Amino acid sequence: MKTLNDLKLLPPETVGKTPRIVLTGNCELLIEQHRGLYSYDTHLIRVRTNRGLVTVTGEKMTIVYFGARDLLISGRITGICLESDQPC
């Protein structure tokens, strides 16, 4: 029996554990399906995902919301890097 994910009817981030990263301008970043914080300060935030570490650099960054699945960062975001060795 095939699942919805097998049929590719829905985007993978809505069905499984695939992280979704949404940048709004350079002031707000939403990370969905995270696995917790690795490190945090106002210039560097590193977040665990099942695809690797997401490193966010910037100035005056704060974590506005930290939930079981979602994480919202605000501040002046200057860079985002995914450190992963997993294939797409």
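**A tour of the strands**

Start by selecting Ile80, which counts as partly exposed because its relative accessibility is 39%, between the 20% and 50% cut-offs. The model is predicted. Ile80 belongs to strand 6, residues 70-83.

Next, select residues 20-24 and 28-32, strand 1 and strand 2. The two run antiparallel and are joined by five bridges. Thr24 is placed opposite Glu28 of strand 2. Three residues separate the strands in this hairpin, and Gly25 has a positive phi near 60 degrees there.

Stay on strand 2 and show its side chains. Leu29 and Ile31 make up the covered face, while Glu28, Leu30 and Glu32 make up the uncovered one. In a regular strand, side chains alternate between the two faces of the sheet.

Now bring strand 6 back into view. Strand 2 and strand 6 are antiparallel, with five bridges between them.

Move on to residues 37-40 and 44-49, strand 3 and strand 4. They pair antiparallel over three bridges, and a hairpin of three residues connects them. Tyr40 has Ile45 of strand 4 as its bridge partner.

Finally, select residues 52-66, strand 5, which pairs antiparallel with strand 4 over six bridges. The hairpin between strand 4 and strand 5 passes through two residues. Keep Ile45 selected here: its bridge partner in strand 5 is Val56.

Methods. Residues numbered from 1 in each chain as written. Predicted model: local features only at pLDDT ≥ 70, side-chain atom pairs only at ≥ 80, totals over all residues. Heavy atoms only, no water. Helix = DSSP H or I, 4+ residues; strand = E, 2+ residues; numbered from the N terminus. Buried < 20%, exposed > 50% of the residue type's maximum accessible area, 1.4 Å probe, protein only. Pairing = 2+ DSSP bridges.
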